[in-house]
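Me: I'm new to reading protein structures. Can we go through this one together, a bit at a time?

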Amino acid sequence: MAMSSGQSIRDLIKEKKAKNSSGRLVEKAVPVILLLTAIVSVLTTLGILYTLIVETVIFFSQVPFIEFITKTEWLPFASGDENKVYGISALVSGTLLVTLIATIVAVPFGLGAAIYLSEYASDRVRRIVKPILEILAGIPTIVYGFFALTFVTPLLQKLIPDLPFFNALSPGIVVGIMIIPMIASLSDDAMSSVPNAIREGALALGATKFELAIKIILPAAISGVVASFVLGISRAIGETMIVTLAGGSNPNFTFNPTETIQTMTSYIVQASTGDAGFGTTQYYSIYAVGMTLFVFTLLMNILAQYISRRFREEY
Amino acid sequence: MKLVDQAQVEKKMGRRLINNQVFKSIFLIATLFSLVVLGILMYRIFTQGYEFLSADFFNNFASRRPSNAGIKAAFIGTLWVMGVTIPVALIFGVGTAIYLEEYAKKNKFTRFIQMNISNLAGVPSIVFGLLGLTIFVRYFELGRSILAAGFTMALLILPVIVVASQESIRAVPGQLREASFGMGATKWQTIYRVVLPTAIPGILTGSILAFSRAVGETAPLIVVGAFAYVNYLPDGLLSTFTVMPIQIYNWASRPQTDFHDLAAAGIIILFIILIVMNTVAVLIRNKFSKRY
């Protein structure tokens, strides 16, 4: 081969490298380009923080922070500047009310379904039910909102005759239904990952399947199960279209589920569909509300991550 | 030797066995609840929207008269927005995943990016709307356009695509890479010609599911400023527009029940699109699922 002309292998490698210099440029450029794409996600987070903080600061230069956290009325569209009140607790109470109702619906049904799927169901049933739960999780929230408005609310009005058309109960229940698949699926994953040796040990000692599920499997998987609750609740806090369609737009400091309410998210929708002109205090208020919402969900997500890391049992 | 007395066991265990049966049915009911709700939801929407489904519904623009209203502008608008979202989200999502899996060193910065992505996945979609409104609509002066909406949606689904792509790339066995290096291929050649083709079915499956989420997403686009009354087709990326979920929201939030039926018809179309996308994802997963 080329050796005959007196070249050593070393020379050949050098020659090849020289030929491939354009290739080596690619080798150097690609990681840099890919790093830039990875930085987009960091920029997104920075963008969110920047956006929320800058506009919120402008908002608080116009509305005192004390008013924001102490007043219980939210009247940004009142006529006359002196009548406008920005008390976030009216929106927070609406959000928490819906979230509470959703939790009461989603936790028992989600956990029950997860226990059934991981401990009782045969492989065949699991293979059929899990994809159907995935379908439920993939339904757009606007469809759930429509369902709440046109089916659940009229149904509830038959049970509670003086229930107003817009109320906290109907969207609360439907948000709960929306997060059932999430809780069921994540809890099922957590419980299914408890090793079978533990199940067999408990059954050999004479435990029934119910005792096995409640006294052995559930405690063993508790970190994953609780983390799924927290993630579900966080999703409920940030849910928008269901509460916008069925909850109404009447910011109300109340914990009565039969009243018309407004949540943080539905206020943002209301204000951005044309009620708030650019540069007005109302315009900046959607960022202050968005900031509050962001802080709530961020805390919940960090809590979920902490729980699943801190209390994880290793087998 | 005294054998176990069956009757005594029954007597002692009886209550526990009954408990077991009772709770088994309770857990079964909890599981069936979701399925029943899904059934009712589907049935309601199909019976309600069925009569409005016609060729006219597809060919007409939004109108104040329910019988003349159609979904054409919203349908085409959705296609335009997805036309921006899909390439942007794929390029940045898959790029991030390749970087994290193949190039990144296991250091603090990598962990920071990783943590950042999982936190972004938990940010409510409406907050992404605020981001889009400030950065794309106002700061970059794109206006309330298809481009601004497409970018916003791309950022929203980016975390999902990154995580799905990462899992898929991680599942490519090390031997394939080593064989490629052994043949003298460089790192990028290995990634481009060996790792990516092997990982593509998984990447596509995860991405299509993310896109189907974007098709149904409403809240961020309302904030970015998609209009509900659009009586024209978009003529470019900077054109104003509407999308199907916003058209449905607009119809559903009106008091007249005729508009509710229109909303149901729109939801049926939305469902058909989502089912097609999900079916494609499942087909890809089934056709290419290879184990090494």
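Me: In which crossing, left-handed or right-handed, does α4(A) pass α7(A)?

Reply: Quick heads-up: this is a predicted model. Helix α4 covers residues 89-120 of chain A and helix α7 covers residues 169-192 of chain A, and the two pack with their axes 6 Å apart, at an angle of about 35 degrees. The way α4(A) passes α7(A) is a crossing that is right-handed.

Me: And how many nonpolar residues does the contact of α4(A) with α7(A) have?

Reply: Sort that contact by class and you get 6 polar and 2 charged residues. The remaining class in the contact of α4(A) with α7(A) is the nonpolar one, with 22 residues.

Me: What kind of ring pair do B:Y139 and B:F140 make?

Reply: You describe a pair of aromatic rings by how far apart the centres are and by the angle of the planes. Both B:Y139 and B:F140 are exposed. Their ring centres are 5.5 Å apart and their planes sit at 65 degrees; planes over 60 degrees apart count as edge-to-face, so the pair B:Y139 and B:F140 is edge-to-face.

Me: How many aromatic pairs are there over all chains?

Reply: Some ring pairs join up: A:F59, A:F60, A:F65, A:F68, A:W74, A:F77, A:Y86 and A:Y267 are linked into a cluster. Over all chains, the count of aromatic pairs comes to 27.

Me: Which residue lies over the face of B:F259?

Reply: Look at the ring of B:F259 and go 4.2 Å from its centre. The residue lying over that face is B:R254.

Me: How far apart are the end C-alpha atoms of residues 29-53 of chain A?

Reply: An unreviewed UniProt entry annotates residues 29-53 of chain A, among others, as "transmembrane region". In the model, that stretch of chain A is 100% helix and 0% strand. Its end C-alpha atoms are apart by 35 Å.

Me: What about residues 262-284 of chain B: how far apart do the end C-alpha atoms lie?

Reply: UniProt, again in an unreviewed entry, includes residues 262-284 of chain B under "transmembrane region". The span is 100% helix and 0% strand. From end to end, the C-alpha atoms of residues 262-284 of chain B lie apart by 34 Å.

Me: Last one! How many residues of helix α10 of chain B are buried?

Reply: Helix α10 of chain B runs over residues 244-252 and is mostly covered. Its buried residues include B:M244, B:Y249 and B:W251. The buried count for α10(B) is 9 of its 9 residues.

Notes. Residues are numbered from 1 along each chain as its sequence is written. Chains are lettered from A and ligands numbered from 1 in the order in which they are written. This is a predicted model: local features need pLDDT of at least 70, side-chain atom pairs count only at pLDDT 80 or more; totals for chains, interfaces and linings use all residues. Side-chain values use heavy atoms; hydrogens and water are left out. Axes are lines fitted to C-alpha atoms, for helices over the stretch in contact, and angles run from 0 to 180 degrees between N-to-C directions. Helices (H or I, at least four residues) and strands (E, at least two) are DSSP runs, numbered from the N terminus. A crossing is left-handed if the near helix is turned anticlockwise from the far one by less than a right angle, and right-handed if clockwise. Ala, Val, Leu, Ile, Met, Phe, Trp, Tyr, Cys and Pro count as nonpolar, Asp, Glu, Lys and Arg as charged, and the others, Gly among them, as polar. Rings of Phe, Tyr and Trp (its six-membered ring) pair if their centres lie within 6.5 Å; planes under 30 degrees apart count as stacked, over 60 as edge-to-face and the rest as tilted. Buried means under 20% relative accessible area, exposed over 50%, partly exposed in between (1.4 Å probe, protein chains only). A charge sits over a ring if NZ of Lys or CZ of Arg is within 6 Å of the ring centre and within 35 degrees of the ring normal. UniProt positions are given in the numbering used here, feature names are shortened, and annotations may be inferred rather than shown by experiment.
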